[in-house]
Amino acid sequence: MSIVADRLRAVRPSGTKVMTARANDLRARGVDVITLSQGEPDFDTPETVRAAGIAAINAGHTRYTPVAGVQPLREAIRETVRRDHGLDYALDQITVGCGAKQVIFNGLFASLDPGDEVVIPTPCWVSYPDMVALAGGKPVTVACPEDHGFKLRPEVLDQAITPRTKWLMLNSPNNPTGAVYSAMDLAALAAVLRRHPRVHVLSDDIYEKLVYDVPFATMAAVAPDLVERTLVVNGVSKANAMTGWRVGYGAGPTALIKAMNTIQGQTSSHTSSISQYAAIEAIAGDQAYVDAFRTAFRTRRDLVVDRLNQADGLRCRPPEGAFYVFVSCAGVIGKQTQDGRTIETDTDFALHLLETFGVAVVPGAGFLASPYIRVSYAAAREDLERACARIVAACAALTGKTCR
Ligand code: PLP
């Protein structure tokens, strides 16, 4: 009899973490590897936030906190959400968890009964389908092709909804495509949701601050009549360069937040007290650095899109947000490597890039969309330049051509 529970059969390890671990292994063996597989800014946590963390330790904020998070942090979140989106939540409608990831998991675990369905537009973040499965639900993936801008169309949503549908997962800006839903896109989806009152919306807004060409919009603000069935998820990991601090938050219906707190209270209790105090500074303090991050990301995005579009066999559109480029690698599928292996899938291509050219990217298969690779541009400019040159060289070797 296996020590591992049956419910784990439906769950895969995170694809991004697997690629990054492989890259780290190679690096530990002395191989020169450039890692563009991580979903994390290369910037240090801003000085003001680090100082707030140190001050929290020195002030003795090192004990258990309330399960939902310390009150000043929840007040800062309430204020931000009110100021930025005009949404008015009571304090007991806000919960703080160990990153947006745990908040999403708590939200699903608190709400899904066996067989409840969750509509997940794909390409999607690697963790959604597995989290749904782990929580006992049924992921219903819905393809959103590139010629739809990688976005869910209202008629496609309508067709995907069944009497068992409990949630629609929305993620804008999107990981892995960088697609951003406009207020108009969301309004069109809201019109469908109004016809299906049982369906809730999990709005994963973790990349909110990283939009380049279009304004950010969120469902609860676009369709205030849907607030009572929307869970807004956000956090400090991405825009504030705080991935390791593990602070995310959820704002939503009181009963759901209460149930999420019950789960948290019986599992992690809460995220680190020190991180919570640092997050108050990140959310309520001066955030001029976010503009600097955004400007740097935009420049890097333009560089990567430009360089990769010069590679034979690859093609990509400039993404509107987040820090990823989702690159079609259809043109290298079926090609032979110099040692005689055929590139049959995007996973083969990503492994070839890693093992022969020392560049770690994530295959589209992990995001349920092939044949693509996801290239993270949250890396230093020199690394991006070197990595793109290697990818271009890899493609030239595969297709037998030099750059376009
Ligand atoms: N949601 C999406 C779409 C993400 O890409 C990520 C991180 O990669 C998360 C949530 C998790 O964020 P956190 O680090 O705050 O848990």
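By the distance rule for disulfides (a pair of cysteine sulfur atoms within 2.5 Å), the count in this predicted model comes to zero. C329 takes part in no disulfide, and the nearest cysteine sulfur, that of C395, is 8.4 Å away. C395 is likewise in no disulfide, with the sulfur of C329 as its nearest at 8.4 Å. C329 has a relative accessibility of 0% and so counts as buried, the label for under 20% relative accessible area, with exposed meaning over 50% and partly exposed in between (1.4 Å probe, protein chains only). C395 is buried too, with a relative accessible area of 0%.

Because the model is predicted, local features need pLDDT of at least 70 and side-chain atom pairs count only at pLDDT 80 or more, while totals for chains, interfaces and linings use all residues.

The protein chain is divided into domain 1 (6-44 + 289-397) and domain 2 (61-286), with bounds that come from an automatic or database domain assignment. Taken over C-alpha atoms, the centres of domain 1 and domain 2 are separated by 26 Å. The contact between them (heavy atoms within 4.5 Å) takes 39 residues from domain 1 and 37 residues from domain 2.

What lies inside? A nonpolar core is a set of buried Ala, Val, Leu, Ile, Met, Phe, Trp, Tyr and Cys residues joined through side-chain atoms within 4.5 Å. The largest one holds 104 residues, of which L36, L73, Y89, I104, L108 and F349 touch the most other members. This core draws at least three residues from each of domain 1 and domain 2. Apart from it lies another core, of 21 residues, among them C144, L186, A190 and L226. Leaving out residues up to four places away in sequence, L36 touches V359, A360, V361, R374, V375, S376, A379, L384 and A387.

Helices (H or I, at least four residues) and strands (E, at least two) are DSSP runs, numbered from the N terminus. The axes of helix α4 (residues 99-111) and helix α9 (residues 254-266) come within 9 Å and cross at roughly 105°. Such axes are lines fitted to C-alpha atoms, for helices over the stretch in contact, and angles run from 0 to 180 degrees between N-to-C directions. α4 and α9 are therefore roughly perpendicular to each other, the label for 65 to 115 degrees. On the α4 side the contact is made by Q102, V103, N106, G107, F109, A110 and S111, and on the α9 side by L256, A259, M260, I263 and Q264.

Several loops deserve a look at their backbone. Most residues other than glycine have a negative phi, and most peptide bonds are trans. T122 and P123 are joined by a cis peptide bond, with omega about 5°, and P123 is found in the loop between β3 (117-122) and α5 (127-134). Another cis peptide bond joins S370 and P371, with omega about -5°; P371 sits in the loop between β11 (362-363) and β12 (372-376). L368 lies in the loop between β11 and β12 and has a positive phi of about 60° although it is not a glycine. At 36% relative accessibility, L368 counts as partly exposed. A241, in the loop between β7 (230-235) and β8 (248-251), has a positive phi near 50°, and at 6% relative accessibility A241 counts as buried.

Conventions. Residues are numbered from 1 along each chain as its sequence is written. Side-chain values use heavy atoms; hydrogens and water are left out. Angles under 35 degrees count as roughly parallel, over 145 as roughly antiparallel, 65 to 115 as roughly perpendicular and the rest as oblique.
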